[in-house]
Amino acid sequence: MLTRNCLSLLLWVLFDGGLLTPLQPQPQQTLATEPRENVIHLPGQRSHFQRVKRGWVWNQFFVLEEYMGSEPQYVGKLHSDLDKGEGTVKYTLSGDGAGTVFTIDETTGDIHAIRSLDREEKPFYTLRAQAVDIETRKPLEPESEFIIKVQDINDNEPKFLDGPYVATVPEMSPVGAYVLQVKATDADDPTYGNSARVVYSILQGQPYFSIDPKTGVIRTALPNMDREVKEQYQVLIQAKDMGGQLGGLAGTTIVNITLTDVNDNPPRFPKSIFHLKVPESSPIGSAIGRIRAVDPDFGQNAEIEYNIVPGDGGNLFDIVTDEETQEGVIKLKKPLDFETKKAYTFKVEASNLHLDHRFHSAGPFKDTATVKISVLDVDEPPVFSKPLYTMEVYEDTPVGTIIGAVTAQDLDVGSSAVRYFIDWKSDGDSYFTIDGNEGTIATNELLDRESTAQYNFSIIASKVSNPLLTSKVNILINVLDVNEFPPEISVPYETAVCENAKPGQIIQIVSAADRDLSPAGQHFSFRLAPEAAIKPNFTVRDFRNNTAGIEARRNGYSRRQQELYFLPVIIEDSSYPVQSSTNTMTIRVCRCDSDGTILSCNVEAIFLPVGLSTGALIAILLCIIILLAIVVLYVALRRQKKKDTLMTSKEDIRDNVIHYDDEGGGEEDTQAFDIGALRNPKVIEENKIRRDIKPDSLCLPRQRPPVEDNTDIRDFIDQRLQENDVDPTAPPYDSLATYAYEGSGSIAESLSSIDSLTTEADQDYDYLTDWGPRFKVLADMFGEEESYNSDKVT
C-alpha cells in the first residue's frame, strides 16, 4: 500500500507539472469487451488539465492468454499529443517481446500480439515506446515505459503434487478423528476470478471418511472401525476449481488409509486342555512341549506372557514365551522318574503384556488352559549314589591298598546288575584299579605327592543286561603328604649390610618353604648355627610367624677388613618327624649414605674416586694403554732407524758419506745445550736437566764448576766433555750434540777426507784414544782398519 501511495503521489506531481498526458484508464472488466479504447497518451504538451483516478494504473495494457483467433490480437494504442494525424510522427516499440510477440503500427501506434500467450509461462511484459519525427528522426517526446499483462483464463486444472497419499489412523477411533490433509495446486491466477479457487470432495471412500471442502482435511466418518474386520481403505479425492461450479476443471488423487492396531482383543486358547507326553530320560532344561494362545491383534499388542498357575506338578516345569511365534514353551526344571510318578497336571495362564486402558471394561485380557503331561518309561543307565567321589591316600602307600568305593544302581523295574571300570580316556588307570563287581578302588603304583598331588579320572558303570547304557562319575583322589623334606629359605638370599650399621638393626627378613604339603598350623623355627654363635657378627631373631630377621651385632663394618660374611641359619618344621636344614646366607658389606641407602658394594670401589663409574675408569685405562703403545712403537722405530745408519757406517767408514737428513725437533733440540753459552762465554749456565736422556729421579744433580769470565771456547767444550765423561747418568749409546759455533783451535781439526791433502793410509788415528771414552769406538774402528792395511801390505 505504501508503494502504491508513493507511486500515485509521483504521478500526480508529474501530471501537475505537465510532464505526462494521462490516458483514460479502463477498468479490467472493460478491457476485454472494449479493447479499442486501450490508449496510452505519450507525454507532451496538452491543451487542458486532467486528473487521474487513484488506484488505476495509467501505463499498462491487458491481453488475453491462449488467444486462438485468426487475426492478431489487438492490445492497445500509443498516441502522442503532438500527433495531429498528418503522418509526421513515427511510433517505435522496444523491450520484452518487441517484434517477436508484439508489433506496432508505426503510423497509428496500434499494438497487436502476433502469437498466443500463456500467463503461466510469463505473466507480463515490460516495453518502452517513443514518438520520433519521421523526417528528422529526432524524438518528439521522452521514451516511456509501459506494461502489457497477460490476462488469465481457466486453462489449468488443480493438481495434487504430493499424491498419491499414504495415511494411518488407529482402529476404534471416534468419528472426526484426524487422518490426513491433502492439498491441490492450481497454476491459474489466484487474484483474478475463481480460476484458482479449489473445492475438495470424496468420490470414493464413503461412508468411512469425510473431507473438508476448503482445507482438504480428511477425517473418520464412522465409529469403531475394526482392523481385524478391514484394515486397508482406498479413498479417491477430487479437487475442482471455479469454486466447484459447472465448467470448472478438476483433478483427483488416491489416499491409501491403513487402520493401525490397538490392543482391543484378549488372548484366547483354542482348546481348554493340552496333552503332552514326555520320556522320563528328558534332560533338565529341555523343551518338552508347546502350547499357544491366539490373539488377533498385531505387533506388541499381540505379545503374550505365559505363567504356570501354582498347583500339582507345577514346580517341576517352567514355561517361557517364544518371541517369534508367541508360543508357550514348556521346559523341564527337575528330572522325571516314571517309577516315582507317571503323570502331572497343571494350569497355564496367557495374558497380554501391553494393555490399553480404554478397553478394560471389555473384561480381563487373559485366558487359562489345563496341561496334562504323561511320563513315558525309558530303559535308563545306572545311577551313581554321588555326583562326585573324593578320596584321600597317603603317599608311599603299599600297592593294592583299597582307598574307597563307588556305588551305582539300576532304578528301572527289574533292575540289572552293574559293572564298573575306569574310563580308558583318563590317565588314572595306570595308578589305580577298580573291582568290576564291588566298585572298590585300590592303588596300583607307589604314589609321590611331590610328583603328583592330585588325581582326577572317571569311572563308568554299565548295565549287565544292556551294556550300551552307561553312566559316568568323576573321581578325585588327593595324595596326603608325609614329612620327608626339610624346610629351606624360600629364596636363596644374598643380603647387604651398611658399614655404618648399628647393633640390633634388622638388615633382612627371611621366610621358609617346605616341599612337603604342610598341614594346617605348620610352624617354622629359625636359629643361628652353634658354630656361628661364638662372638657372632650377626644373629637370627625368630619372629614366631614363620619369618625371622637377620640382626647386626656390631657397631659398624669395614669393607677393607672383610667384604663378605657367611651366616649359617638352621630352620626346623613342626611336622612329624621333625625335619631341619642349615642354610648359609651371604652378607656383603656395602657403603651407604646417612639414610641407609646402598651406594656401592664392590671392593674395588674403595680405591676409586667418587663419582666415576667402573665403565668410565675402564675407558680411561684403555686410552692410557693405547697412548703408551703408540709412544713405545714410535721410540722403537726411531731406534731402528739410528741402528741401521750406524751399521751402514761401520761396514766401511772410509768409503761412505753419512748424510744427516734429520732436521731435529726444532726448538726442543736447543734444550740439550744452551747455545747462548757458546756465543756469550760470560753467561753462567744454570743446572739444567738434560733433554736427550731419561732423567733419573734418584740421582742428584751434577755439580758443575762455574765458568770463569773471558774463558776460551775450547776450555768450555773441554769442560763439557769432561762432565759427560764422568756423568754416571749418561746413556750407553752415543749422542750427538749440535753446536752452532764450533770454535777454533780444535786438536781434531777436520775429520772429513774432503779437501784433504793426505790419504787414508798416511793418516794416524792413534790420537783418537786420547779423546776419552766417547771416541773409543771410533778409535777402535780406525785402529782395526790400520792394522788390516798393514797386514795387507806385508
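Buried residues account for 35% of the 794 residues in the protein. The model is a predicted one, and its average pLDDT is 77, with 74% of the residues scoring at least 70. The protein contains six helices and 40 strands, and of its contacts with a separation of 6 or more, 66% are between residues 24 or more positions apart.

**Confidence**

- Over residues 605–610 the pLDDT stays under 50, and for this stretch the model has seven contacts beyond four places in sequence.
- Over residues 681–694 the pLDDT likewise stays under 50, and here the model has 29 contacts beyond four places in sequence.

**Nonpolar cores**

- The largest nonpolar core comprises 24 residues, and Phe269, Phe317 and Val371 are the ones with the most contacts inside it.
- At least two residues of this core come from each of the strands E16 (273–279), E17 (287–292), E18 (304–309), E19 (317–321), E20 (327–332), E21 (343–352) and E22 (366–376).
- When residues up to four places away in sequence are not counted, phenylalanine 317 touches Ile288, Ile308, Ile330, Lys331, Leu332, Lys333, Leu336, Tyr344, Phe346 and Ile373.

**Aromatic pairs and charges over rings**

- The structure holds 16 aromatic pairs, and such a pair of rings is described by the distance of the centres and the angle of the planes.
- The rings of tyrosine 431 and tyrosine 455 have their centres 5.0 Å apart and their planes at 45 degrees, so this pair is classed as tilted.
- This pair links distant parts of the chain, 24 residues apart, as tyrosine 431 is in the loop between strand E27 (418–422) and strand E28 (432–434), whereas tyrosine 455 is in strand E30 (residues 454–463).
- Phenylalanine 538 and tyrosine 565 form an edge-to-face pair, with 5.5 Å from centre to centre and 75 degrees between the planes.
- Phenylalanine 538 in strand E36 (residues 538–542) and tyrosine 565 in strand E38 (residues 564–572) are 27 residues apart, so that pair too links distant parts of the chain, and both of these residues, phenylalanine 538 and tyrosine 565, are buried.
- One aromatic cluster is formed by Tyr431, Phe432, Tyr455 and Phe457.
- Lysine 122 lies over the face of tyrosine 125, at 5.3 Å from the ring centre, and lysine 342 lies over the face of phenylalanine 338, at 4.8 Å from the ring centre.

- Strand E9 (residues 165–170) has a covered face made of Tyr165, Ala167 and Val169, and an uncovered face made of Val166, Thr168 and Pro170.
- E9 and strand E15 (residues 250–260) run parallel and are joined by six bridges, and the bridge partner of valine 166 in E15 is asparagine 256.

**Backbone exceptions**

- Most residues other than glycine have a negative phi, and most peptide bonds are trans.
- Glycine 163 and proline 164 are joined by a cis peptide bond with omega at about -5 degrees, and proline 164 is placed in the loop between strand E8 (144–151) and E9.
- A cis peptide bond also joins glutamine 206 and proline 207, with omega at about 10 degrees, and proline 207 is found in the loop between strand E11 (199–204) and strand E12 (209–211).
- Glutamine 326, a residue other than glycine, has a positive phi near 60 degrees; glutamine 326 lies in the loop between E19 and E20 and counts as buried because its relative accessibility is 14%, under the 20% cut-off.
- Arginine 544, which is not a glycine either, has a positive phi of about 65 degrees; arginine 544 is found in the loop between E36 and strand E37 (547–552), and counts as exposed because its relative accessibility is 62%, over the 50% cut-off.

Methods
Residues numbered from 1 in each chain as written. Predicted model: local features only at pLDDT ≥ 70, side-chain atom pairs only at ≥ 80, totals over all residues. Heavy atoms only, no water. pLDDT = per-residue confidence, 0-100. Contact = heavy atoms within 4.5 Å. Core = buried A, V, L, I, M, F, W, Y, C linked by side-chain atoms within 4.5 Å. Buried < 20%, exposed > 50% of the residue type's maximum accessible area, 1.4 Å probe, protein only. Helix = DSSP H or I, 4+ residues; strand = E, 2+ residues; numbered from the N terminus. Phe/Tyr/Trp six-rings, centres within 6.5 Å; stacked < 30°, edge-to-face > 60°. Lys NZ or Arg CZ within 6 Å of the ring centre and 35° of its normal. Pairing = 2+ DSSP bridges.
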